[in-house]
Amino acid sequence: MSFIRKHFQDFIIKEGHFDHVHSLMAVMATKMTDKQRICGLCFDEVHLKADISYNATHDNVIGPHSNANVLMVRGLYAKYKIPIFAAFDKAMTKKDLFEAIEGLYKAGFHVVTVTCDQGPNNTSLKKELGVTYKKPWFTNPVRPGSHIYFLHDVP
């Protein structure tokens, strides 16, 4: 345990996009087929206990936060589920979603779906993207001519 603690003592995950994860996924993509690199994004808010924590190793205070929004990439034809973004007390934005899609495209992945619940923040994002029940998709920002389908998860 002491070895593991020492090894990860400087490991920091900051809010926002996990750029280092995109780099690791680019390496992972080199050993995958085109079909295995087809993926979907899913995000949801996770409610937190709103308290304050002090990290003595990095001399910073964390919190209080009432929720965290986490974005993950999931393989549709391969088994992987990897968190690529997290933010405290913030709804998913079009800018953050498109940045994630672009980062995955650069890493060699093809996003075809976005899945979330029907919370008010997510419904606002869906409207901003121009998604309706008659047009359940939006144009892929990095692959003109292709679509990304917007799906709601089942309760």
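Visitor: On what conventions do the values rest, and from which number are residues counted along each chain?

Guide: In this predicted model, local features need pLDDT of at least 70 and side-chain atom pairs count only at pLDDT 80 or more, while totals for chains, interfaces and linings use all residues. Side-chain values use heavy atoms, with hydrogens and water left out, and residues along each chain, as its sequence is written, are numbered from 1.

Visitor: How many helices and strands does the protein chain contain?

Guide: Helices (H or I, at least four residues) and strands (E, at least two) are DSSP runs, numbered from the N terminus. Along the sequence, the pattern reads α-β-α-β-β-β-β-β-α-β-α-β-β. The secondary structure of the protein chain comes to four helices and nine strands.

Visitor: What percentage of the 155 residues of the protein chain counts as buried?

Guide: A residue is buried under 20% relative accessible area, exposed over 50% and partly exposed in between (1.4 Å probe, protein chains only). Accessible areas come from the Shrake-Rupley method with a 1.4 Å probe, and for residues only the protein chains shown count as cover. The accessible surface of the protein chain is about 9900 Å², with 57% of it belonging to carbon and sulfur atoms. Of the 155 residues, the buried share is 35%.

Visitor: Where do the two partners of the edge-to-face aromatic pair lie?

Guide: Rings of Phe, Tyr and Trp (its six-membered ring) pair if their centres lie within 6.5 Å; planes under 30 degrees apart count as stacked, over 60 as edge-to-face and the rest as tilted. The count by this rule is two aromatic pairs. Tyr80 and Phe109 form an edge-to-face pair, at 5.9 Å centre to centre and 70° between the planes. These partners are 29 residues apart, with Tyr80 in the loop between β5 and β6 and Phe109 in the loop between α3 and β7.

Visitor: Is the pair of Phe98 and Phe138 stacked or edge-to-face?

Guide: Phe98 belongs to helix α3 and Phe138 to strand β8 (residues 137–139), so this pair ties together parts 40 residues apart in sequence. Phe98 is partly exposed at 22% relative accessibility, whereas Phe138 is buried at 2%. The ring centres are 5.9 Å apart and the planes stand at 15°, so the pair is stacked.

Visitor: How many disulfides does the whole structure hold?

Guide: A disulfide is a pair of cysteine sulfur atoms within 2.5 Å. For Cys39, the nearest cysteine sulfur is that of Cys42, 10 Å away; for Cys42, the nearest is that of Cys116, at 9.8 Å. Cys39 is buried with a relative accessible area of 0%, and Cys42 is buried at 15%. The number of disulfides found in the whole structure is zero.

Visitor: Which residues are in contact with Asp96, leaving aside its neighbours within four places in sequence?

Guide: Contact means heavy atoms within 4.5 Å. Asp96 is part of helix α3 (residues 94–106) and is buried, with a relative accessible area of 5%. Leaving aside those sequence neighbours, its contacts are His17, Phe85 and Lys90.

Visitor: Is Pro64 buried or partly exposed?

Guide: Pro64 is placed in the loop between β4 (60–62) and β5 (67–75). Not counting residues up to four places away in sequence, Pro64 touches Ala50, Asp51, Ile52 and Asp89. With a relative accessible area of 46%, Pro64 is partly exposed.

Visitor: How far apart in space are Asn121 and Thr93, C-alpha to C-alpha?

Guide: Asn121 is found in helix α4 (residues 120–128) and is partly exposed, at 38% relative accessibility. Beyond residues up to four places away in sequence, Asn121 touches Glu45 and Ala91. Asn121 and Thr93 are 28 residues apart in sequence, and their C-alpha to C-alpha separation in space is 8.9 Å.
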